[in-house]
Amino acid sequence: MKFETPAGVNPIDQQKVIGQPASRLEGPLKTTGTATYAYEYNRAAPKHAYGYVVGAAIAKGQIRRIDRTKAKAAPGVLAIVTAADVGQLPPGQFYVDRLLAGPAVDHYHQAVAVVVAKTFEQARAAAALLKVTYIATKGAFDLAAAKDAAPLPKPGPYSGPSQTNVGDFKGAFAAAPVKLDATYTTPDQSHAMMEPHATMAHWEGDKLTCWCSLQQLNWGARDLGTILGIPKENIRLISAYIGGGFGGKGTALSDIVLASLAARAAGRPVKVALPRPLIFNNTTHRPATIQRIRLGATADGTITAIGHESWSGNIPGGGTESTTASTKLLYAGANRFTELRLAVLNLAEGNAMRAPGEATGMMALEIAMDELAEKLQMDPVAFRIKNDTQVDPEHPGRPFSSRKLVECLQTGADRFGWSKRVAKPGTVQEGQWLIGVGVAAAIRGAPVMTSAARVRLNRDGIVTVETDMTDIGTGSYTIIGQTAAEMLGVGLDKVVVKLGDSTFPQSPGSGGQWGAASATSGVYAACLKLREAVAKALGLNPEEAQFANGQVLAGNRHYALGEAAKAAELVAEDAMTYGTLARQYAQDTFGAHFVEVGVNRYTHEIRVRRMLAVCHAGRILNPKTARSQVIGAMTMGVGAALMEHLVVDKQVGFFVNHDLAGYEVPVHADIPHQEVVLLEGLDPTMSPMKAKGIGELGLVGVAAAIANAVYNATGVRVRDYPITLDKLLGKVSLI
Amino acid sequence: MQTFTYERVRTPAEAAAAAARTPGAKFLAGGTNLLDLMKLEIETPAHIIDVGKVGLDKIEPTPAGGLRIGALVTNTDLADHRTVRRDYGLLSRALLAGASGQLRNKATTAGNLLQRTRCPYFYDTNQRCNKREPGSGCAAIAGYSRQLGIIGTSDACIATHPSDMAVAMRALDAEVETVKANGTTRTIPLAQFYRLPGQTPHLETTLEKNELITAVLLPPPVGGVHIYQKVRDRSSYAFALVSVGAILQQDGSGRIAVGGVAPRPWRVETAEKLLPAGAKAFTAQLLQGARPTKENAYKLALVENTVAAVLNEGKH
Ligand SMILES: Cc1cc2nc3c(=O)[nH]c(=O)nc-3n(C[C@H](O)[C@H](O)[C@H](O)COP(=O)(O)OP(=O)(O)OC[C@H]3O[C@@H](n4cnc5c(N)ncnc54)[C@H](O)[C@@H]3O)c2cc1C
Ligand code: SF4
């Protein structure tokens with residue numbers, strides 16, 4: 001089915017099941033520990049062995065020699081795989097890192113070998129006996145030092161142009177009566193998902209099955225095929241449950257590649273999980289940025305010039321962190337300039353992490369807006385509202401399909417009690433705590449992509465949905481089940497959802513906030529086909545057939561849904577594809593974040609006291625799972641604002657704090673009451689579901705709202721994330 | 001992890017003797033630190049002597065009116081003990097500020113005292129570290145040192161001792177009771193228990209090889225207001241950037257030991273005379289001779305501010 005014109009009324013609009021706060025279908029499995037994750041398919045692949053990955057000990061250079069005598073002789077060892085055994089592996093498409101070093105080493109902890117043994121302990125012990133010697137060469141690890149020579153890169157497939165110019169930015173900025181020119185930095189960050197990257201690989205002849213933890217199975221099969229040099233048709237990937245990904249499990253990484261190679265070498269299934277201390281430097285991360293923002297406005301607060309330049313680094317062939325994406329769309333302003341520059345750094349690969357580009361860009365832009373509002377002596381909410389736009393500011397002929405940023409800000413301000421804010425920083429105090437509030441806007445693109453599904457109906461009226469969509473903890477199972485239930489007029493208890501198997505019809509997987517909107521639309525298309533098949537089987541006119549309460553009705557005839565499948569199971573398969581609406585309309589999601597912080601007047605520890613997010617993201621398919629996405633994202637925003645920081649050792653060339661003791665993410669005690677308001681509003685330009693994603697929106701802007709609250713509390717403007725107490729010490733003047 | 005042999009002993013004397021018999025042996029208590037280090041091959045004992053069942057898990061009053069805490073008493077039980085909560089509140093608070101509930105259920109008194117540094121370079125066997133591999137150099141001094149020590153450190157090592165409990169023990173004038181391989185026992189004041197790194201940062205305590213800790217002794221309670229303030233980037237489950245353990249008396253006198261700044265709980269008794277003069281004067285004396293790195297110089301101000309917070313709290 002092709003979606004080409006805005007959607008009219010359709011069965012989804014009934015919202016009997018869709019839009020209801022259904023609990024997760026797989027929740028009981030997860031809370032009882034019976035959901036099977038990649039590393040746990042012990043019964044599916046009996047007699048498996050264990051692979052342990054050895055990471056490079058240097059950041060850049062060559063492997064001189066690998067002496068495997070001792071490792072090979074160690075108890076239980078079945079195989080050792082290095083580049084010397086399997087040759088140089090080409091990179092995949094989405095991640096461009098080479099997943100096995102040799103002879104060159106491209107970054108610290110790049111895999112050098114996998115050692116396979118009968119038990120995990122034997123593999124780990126033998127891995128330590130592998131003697132690898134290196135020839136280290138000098139590398140570049142310092143973004144600030146590499147910045148000035150960084151070129152303009154070619155745009156990547158998921159980032160816009162590296163440079164945009166509208167009007168006369170330079171002239172307008174020079175002429176602006178009120179302006180701001182400030183530089184902000186964001187550090188390298190790690191996804192730090194709960195489940196480590198893990199795979200069980202099993203060969204049967206030239207057919208490979210991997211139980212793995214991947215967000216996009218289609219990319220996974222494509223890239224694994226390329227890397228191993230086998231047709232992707234020979235690969236079956238199964239990712240039924242995923243313990244978080246955040247963009248760090250988009251496609252093949254070292255675990256799946258090395259498990260596959262190891263299983264071939266050992267002649268039996270092999271499982272590999274990356275040890276936590278290896279993950280930070282071996283896999284991908286969100287790259288650090290340096291961002292210069294220039295804003296010019298007239299005295300009444302009308303923005304006349306917006307300039308955003310940004311620098312990030314990556315391994316050769318890697319992409320930019322496209323921080324300017326939001327700046328292009330968020331505020332009006334006739335004269336605009338954005339630029340992304342990319343330095344070569346010999347750290348691990350920088351790539352997608354939840355709201356890539358937007359999260360980082362808005363960490364800077366939304367502080368800049370706060371700073372300019374103060375210069376203008378305007379309320380920061382009012383300043384943002386004043387500069388709202390209903391059209392894409394770079395292409396004024398292209399309207400937003402639906403944009404309720406102003407309502408988000410106003411609703412949030414009311415709910416939060418923003419009017420009680422004291423504009424003068426450092427004024428409000430409660431005991432040992434200096435109190436401040438902050439606001440930031442949120443914007444995140446709402447892409448939809450081709451997605452297919454198969455739906456089956458059996459004689460008991462049970463509807464089974466199959467698609468290779470994944471559920472990375474987001475609620476995909478549930479909203480897909482709700483979609484099928486709504487379309488076929490049954491309760492959620494009559495729907496079985498099967499996901500995460502690459503032999504199922506292809507979806508775009510979980511990423512880029514496109515999963516929910518795309519996958520449910522594919523299910524919608526398949527369900528429409530099934531409705532036709534049902535009507536036909538029952539001898540009803542498909543146009544007239546109504547599906548409700550487990551019945552199919554037309555005129556005065558009605559049948560139980562299962563009747564249609566009495567003779568044989570009915571199966572329908574279709575994909576939703578898209579026309580040009582996304583070009584005609586700017587399709588985005590919007591939000592506003594309000595935060596209250598306390599800063600300890602002695603220690604300057606910062607603690608978040610209150611958070612509110614107001615989001616507008618089309619039809620909310622399930623308010624419970626949507627809220628869960630948003631509060632998780634807000635939590636990640638607290639991490640970004642206050643603690644998450646992969647520290648680069650610029651001499652050795654690696655992320656030093658590469659475990660979960662050193663890389664701090666928020667704990668429960670850091671997270672206060674979180675309120676989420678989901679604004680109503682369907683978007684018929686998206687798909688028949690009229691829905692958009694929300695999983696990334698909840699993160700965008702949070703860190704800046706916290707930064708602005710810290711400023712309001714203390715009068716100290718920190719422009720370098722994370723905002724830690726050492727950056728405030730000595731600067732807070734106490735009343 | 002390297003292969004090791006394992007035995008379980010039943011008495012402290014047996015433990016010490018077993019250690020003397022087997023070179024390269026280590027005692028295993030809760031295992032929350034030792035096992036992690038063994039998995040990373042930072043510790044590679046050839047033999048493990050499990051002391052979990054030697055009966056050192058009691059907290060008893062001493063004839064002098066103090067408390068004798070068995071070496072194997074868990075952090076949870078110690079923090080929860082009635083007498084500790086009533087008379088040594090500082091100790092209870094420091095324990096509860098550390099690690100997590102699950103870890104405290106396993107962690108023991110002796111193991112806590114002997115836990116090793118959290119310097120990130122110590123944890124990565126590819127990096128230079130004099131503490132892990134004597135003579136290899138110290139990657140932290142010119143590297144990432146934000147969390148590390150500012151005083152009592154050396155050119156060879158700037159690591160801190162990470163224990164919260166030890167800070168409280170130091171302020172409480174605790175003593176460590178031991179038994180040596182030959183069966184002789186002794187007590188070591190905590191003030192003399194930890195060595196400063198000098199050129200030998202791998203030697204961390206004054207314990208002899210194979211010497212087993214049997215108990216920690218607390219002198220009779222000294223009253224006062226007990227405060228433990230731990231400063232960190234997140235609210236829980238993080239090691240201290242700086243921590244201050246204080247016992248403050250009505251007359252303005254008191255004792256203060258500081259964590260997160262040195263290779264041992266840092267206490268300077270002569271500085272305590274300046275407490276009535278306030279945080280600034282006290283801290284200046286306490287941290288005299290400090291040699292912070294650029295990255296951790298903020299700890300100087302942080303100690304002063306945290307001491308000020310504690311003194312302020314003591315007034316209320
Ligand atoms: C994630 C995490 C977070 C943590 N956070 C904190 C924190 O915030 N604050 C804090 O203070 N600590 C923290 N810890 C450390 C924790 O307190 C220690 O791991 C624990 O106290 C060690 O006790 P144990 O009994 O498990 O020691 P073990 O690991 O069994 O032993 C540690 C050492 O002591 C030796 N040893 C044990 N008993 C004896 C004995 N009787 N005589 C001689 N030698 C002995 C062992 O040989 C070994 O060398 C944390 C630990 C982890 C893993
Ligand atoms: S500070 Fe000490 S523990 Fe850290 S790297 Fe240097 S020598 Fe090793």
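His109(A) is buried, with a relative accessible area of 7%, where buried denotes under 20% relative accessible area, exposed over 50% and partly exposed the range in between, for a 1.4 Å probe and protein chains only. This residue has a positive phi of about 60° although it is not a glycine, and its place is in the loop between β5 and β6 (111-117) of chain A; helices (H or I, at least four residues) and strands (E, at least two) are DSSP runs, numbered from the N terminus. The structure is a predicted model, in which local features need pLDDT of at least 70 and side-chain atom pairs count only at pLDDT 80 or more, whereas totals for chains, interfaces and linings use all residues. Residues are numbered from 1 along each chain as its sequence is written, chains are lettered from A and ligands numbered from 1 in the order in which they are written, and side-chain values use heavy atoms, with hydrogens and water left out.

A positive phi of about 60° is likewise found at Gln513(A), which is not a glycine. Gln513(A) belongs to the loop between β21 (495-498) and α14 (515-537) of chain A and is buried, its relative accessible area being 6%.

In the bond from Gly102(A) to Pro103(A), omega is near -10°, and Pro103(A) lies in the loop between α3 (83-86) and β5 (104-105) of chain A. The cis bond joining Tyr721(A) and Pro722(A) has an omega of about -10°, with Pro722(A) located in the segment after α17 (702-714) of chain A.

Over all chains, the structure holds 18 aromatic pairs, a pair being counted if the ring centres of Phe, Tyr or Trp (its six-membered ring) lie within 6.5 Å, with planes under 30 degrees apart classed as stacked, over 60 as edge-to-face and the rest as tilted. One of these is the edge-to-face pair of Phe400(A) and Phe590(A), with 5.6 Å centre to centre and 75° between the planes. This pair links distant parts of the chain, 190 residues apart, since Phe400(A) is in the loop between α11 (380-386) and α12 (405-416) of chain A and Phe590(A) is in strand β26 (residues 588-600) of chain A. Phe400(A) is buried at a relative accessible area of 6%, and Phe590(A) is buried at 0%. Elsewhere, Phe94(A), Tyr95(A), Trp219(A) and Trp514(A) form one aromatic cluster.
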